[in-house]
Amino acid sequence: MKISVVGGGYVGLVTGTCFAELGHNVTIIEIDPEKVRAINNGKPPIYENGLEDLLKKNTARRLRASTGYKPVTDADIVFISVGTPPKPDGSANLAYIASASTSIGEALKNTSTYCVVVVKSTVPPGTTDKIVRPAVLLESGKTEKEIGFAMNPEFLREGRAVEDFLHPDRIVIGSSDSRAGNRVAEVYTDIRAPVLRTGLTAAEMIKYASNAFLATKISFSNEIGNICKRLGIDVYEVMQGVGPDPRIGPRFLNAGAGFGGSCFPKDVSALISLAESCGEDPQLLRSVIEVNEQQPQRMIQLLERHVPSLNGKKIAVLGLAFKDNTDDIRDSRAIPVIEALVKKGARVAAYDPMAIPSMRKLFPDIEYCVKVEDALTAAEGCLVMTEWPEFSQLDKEFDLMAQRVIIEGRRILCCDTTEGICW
Ligand code: UDX
Ligand code: UDX
């Protein structure tokens, strides 16, 4: 099939590249000319495990990127995967979705074949029907007999997105009618996974409910962990005994500094805002966010038990990415921790295998180290913020510190004499 993917960010680039790998002819339409150039040169503008190889292989064959919407004119199917960032009140900003829909509509004005427009971005229920559909139909001057509409949420974890795309545990396809849904299903023919067909709004809600549930599991584990810490119990031992119950499941029970990333914080906030707008009081979801915001502050409180005055002290922060295997720092728990340290006058020395360039834009004035050893040398305290596997090997490096005060926000170190946030 001929596929256009609008938005070449984390989701759009992985989606487009994997569709090309499945044998489709794909054009990624991306507003940023630098990203377009990089993609066409086979160089992903972001780091994602396995993506570079697939991109190199497919840019030579079935994948290209462009800044203009012309490729939409002969597409069988168009996926929208532009960002839906949070507005100051937590609700989703749908401006990019709206402008992409208008541009797609314009491009479809003079076409003669049936095309389906699919929303892949995470959007509040009603967006595909009330914003995308009218904009595309108005601009194109066409009817729903000529253009179909669908919503196909992604469940890609950053760092493992290619694997998640090619081996999903389910494919959700919401559509306005069966013809549109069937076309989306066809694109995934070669992927073995259960396919769930729903209406448009249910598909939109499935994404929010899934992410809110996963975020709830993490905040729940953190709350249990905080209680365990008071009682001198190891929460990881506890969760090992909780997870085997199939009604609960063993994954996403890792207590620590909380969840970051482009999805959980923003999607839970958007769901809260959505609930409030329809007269609900989403107490549980609000608590999920509250617990998550407190966890980084607990790291600082623990540190201050060992280093009572942080003013002028060198503090090492290991891990800046919001999780391992990515260079993404969006809503990383390292951000509030660095903010608090800087506010208290500490000299922050930060290390991350991948995310230093992104964090430098946010905090240009702290020290960035190319080696863990440089961050640790003469530090009075160390905070571990990301579950990078390479941190598990650290031990004697901590002897470079002025004193061995190590506060773990992720259960990743194997050495002794560390203090965990929840254990
Ligand atoms: C995606 C989804 O779209 C979001 O709803 C979901 O919750 C998380 O994943 P992501 O791919 O992570 O977002 O966002 P980002 O990396 O910011 O990519 C969006 C891309 O769209 C950017 O490259 C941006 O330049 C591009 N864009 C934006 C366009 O090409 N056209 C526009 O009109 C707006
Ligand atoms: C998430 C969802 O997993 C994915 O399905 C969705 O489409 C996008 O959002 P992602 O944000 O890439 O993916 O990463 P994920 O692995 O889910 O981790 C999110 C955050 O939760 C990270 O900060 C991680 O450190 C934290 N986390 C995860 C925990 O604190 N404890 C856990 O047990 C698991």
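Colleague: In strand 8, which residue is the bridge partner of Ile173?

Modeller: That's Arg197. Keep in mind that we're looking at a predicted model. Ile171 also has a counterpart in strand 8, standing opposite Val195.

Colleague: How do strand 7 and strand 8 pair, parallel or antiparallel?

Modeller: Parallel, over four bridges, with strand 8 covering residues 195-198. To get from strand 7 to strand 8, the chain passes through helix 7 (residues 178-187), and this β-α-β crossover is right-handed.

Colleague: And in which sense do strand 6 and strand 7 pair?

Modeller: Antiparallel there: strand 6 (residues 147-151) and strand 7 share two bridges. Look for Ala150, whose bridge partner in strand 7 is Ser175.

Colleague: How should I read the two faces of a strand?

Modeller: The general idea is that side chains in a regular strand alternate between the two faces of the sheet. In strand 7, Ile171, Ile173 and Ser175 sit on one side, with Val172 and Gly174 on the other.

Colleague: Are those faces covered or open, then?

Modeller: Both are covered. Five of the five residues in strand 7 (171-175) are buried, meaning under 20% relative accessible area.

Colleague: Now the whole sheet: what is the strand order?

Modeller: Trace 3-2-1-4-5-6-7-8, an open sheet of eight strands with mixed pairing. Strand 3 (63-66) and strand 8 are the edges, each pairing on one side only. On average, neighbouring strands are turned by 25° against each other, direction ignored.

Colleague: Which strands does helix 2 touch?

Modeller: Helix 2 (residues 33-40) packs on the sheet against strand 2 (25-29) and strand 3. Its direction makes about 160° with that of strand 3.

Definitions and conventions:
Residues numbered from 1 in each chain as written. Chains lettered and ligands numbered in written order. Predicted model: local features only at pLDDT ≥ 70, side-chain atom pairs only at ≥ 80, totals over all residues. Heavy atoms only, no water. Buried < 20%, exposed > 50% of the residue type's maximum accessible area, 1.4 Å probe, protein only. Pairing = 2+ DSSP bridges. Right-handed = clockwise from strand over helix to strand, strands pointing away. Axes fitted to C-alpha atoms, helices over the stretch in contact; angles between N-to-C directions. Contact = heavy atoms within 4.5 Å.
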